[in-house]
Amino acid sequence: MSNELIDFVIVSVALLAIGIYGLSVKRNFIRMLFAVEIIINAANLNLVAFARFLPHSGGQTFALFSIAIAAAEVAVGLALIIVAYRMYKNIDVADFRSLKG
Amino acid sequence: MVDTFFLAFAVLTIVSAIAALEMRSLIYGGIALMGTLGGIAGFFILLDSPFVALFQIAVYVGSIAVLILFTIMLVKRELIFQKKEDPKRRYAGIGLMLIIMISLGALIFNSGLSSITTEEPPVDYREIGKDFLTYYWPALVVMALVLSSSITGAMVLARRHDGVEDEQRTD
């Protein structure tokens, strides 16, 4: 195997930074969900990379759990988007006034 | 040294992650997100974890991306192309991204990670199945409950209540 652990970790850091940029700048609910997905995938990449280089099966198992939970999170997030769109006719988070305390 | 496949997957993943956030149309953004998720699946294959890669393709590229595309199509056409952003906030976000990249990158380059390589054979995927059914079985049961309850919750949330929509706009 010619790739080293640090290459995968660097790609993961780049994806994490892009995801944080998206979460902090974008105001569109769906784009914020994209950013969350990118961050979760960066975490999964890290888990599987460390599991390969240890080597230990725990990292892969944990990545599988993480993928399944992320699927549940996306389903609930998209249902929330549909409800918010029905209430406000918009998907801009700045318009979701009743979510502000 | 990295190989060609690694470079190709890295470019695909990072460029399509940026495209997913910056494309003007949300639909093209969703398709670019599929590229990112597929690139991650490619990394999993490079890491000798074919089972996780197949799971990633089946769950993320196959179902989540399609779910996102259908939700985008439910939204009005003008909202799909709308892009309202504060320029100041955008520059602050780019600065934050660069700070995170540079500081975490420097931290990782200076740590002992750069010397780690492995010659050992990869983990057999049969071990994952054994792990799931022996050591992690309570977590597997809890995960099944979480998945079913969240899908039920999503269906209850997205259900259409007839006649309620008009009075909700009375803000």
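**Helices and chains**

Guide: The axes of helix H2 (residues 26-46) of chain B and helix H3 (residues 50-74) of chain B come within 9 Å and cross at roughly 175°. Axes here are lines fitted to C-alpha atoms, for helices over the stretch in contact, and angles run from 0 to 180 degrees between N-to-C directions. Helices (H or I, at least four residues) and strands (E, at least two) are DSSP runs, numbered from the N terminus.

Visitor: How are H2(B) and H3(B) oriented to each other, parallel or antiparallel?
Guide: H2(B) and H3(B) are therefore roughly antiparallel. Angles under 35 degrees count as roughly parallel, over 145 as roughly antiparallel, 65 to 115 as roughly perpendicular and the rest as oblique.

Visitor: Before we go on, what kind of model is this, and how is it numbered?
Guide: This is a predicted model, in which local features need pLDDT of at least 70, side-chain atom pairs count only at pLDDT 80 or more, and totals for chains, interfaces and linings use all residues. Residues are numbered from 1 along each chain as its sequence is written, while chains are lettered from A and ligands numbered from 1 in the order in which they are written.

Visitor: Back to the pair in chain B: which residues of H2(B) and H3(B) meet?
Guide: Among them are Leu26(B), Gly30(B), Leu33(B) and Phe44(B) in H2(B), and Pro50(B), Gln56(B), Tyr60(B) and Ile72(B) in H3(B). Two residues are in contact if their C-beta atoms, placed from the backbone, lie within 7 Å. The contact of H2(B) with H3(B) comprises 19 nonpolar, three polar and no charged residues. In this classification, Ala, Val, Leu, Ile, Met, Phe, Trp, Tyr, Cys and Pro count as nonpolar, Asp, Glu, Lys and Arg as charged, and the others, Gly among them, as polar.

Visitor: How many helices does chain B have altogether?
Guide: Chain B has seven helices and zero strands. Its radius of gyration is 21 Å, well over the 16 Å that the globule rule gives for 171 residues, so chain B is more spread out than a compact globule. The radius of gyration is taken over C-alpha atoms, and the globule rule is 2.2 Å times the number of residues to the power 0.38. Along the principal axes, the C-alpha atoms of chain B fill a box of roughly 65 × 45 × 25 Å.

Visitor: And chain A, how many helices there?
Guide: Chain A contains three helices and zero strands. Its C-alpha trace spans about 50 × 25 × 20 Å along its principal axes. The radius of gyration of chain A is 17 Å, whereas a compact globule of 101 residues would have one near 13 Å.

Visitor: At what angle do H1(A) and H2(A) cross?
Guide: Helix H1 (residues 5-25) of chain A and helix H2 (residues 29-53) of chain A have axes that come within 8 Å and cross at roughly 165°. That makes H1(A) roughly antiparallel to H2(A). Their contact has 17 nonpolar, five polar and one charged residues.

Visitor: Are H2(A) and H2(B) parallel or antiparallel?
Guide: The axes of H2(A) and H2(B) come within 10 Å and cross at roughly 5°. H2(A) and H2(B) are therefore roughly parallel to each other.
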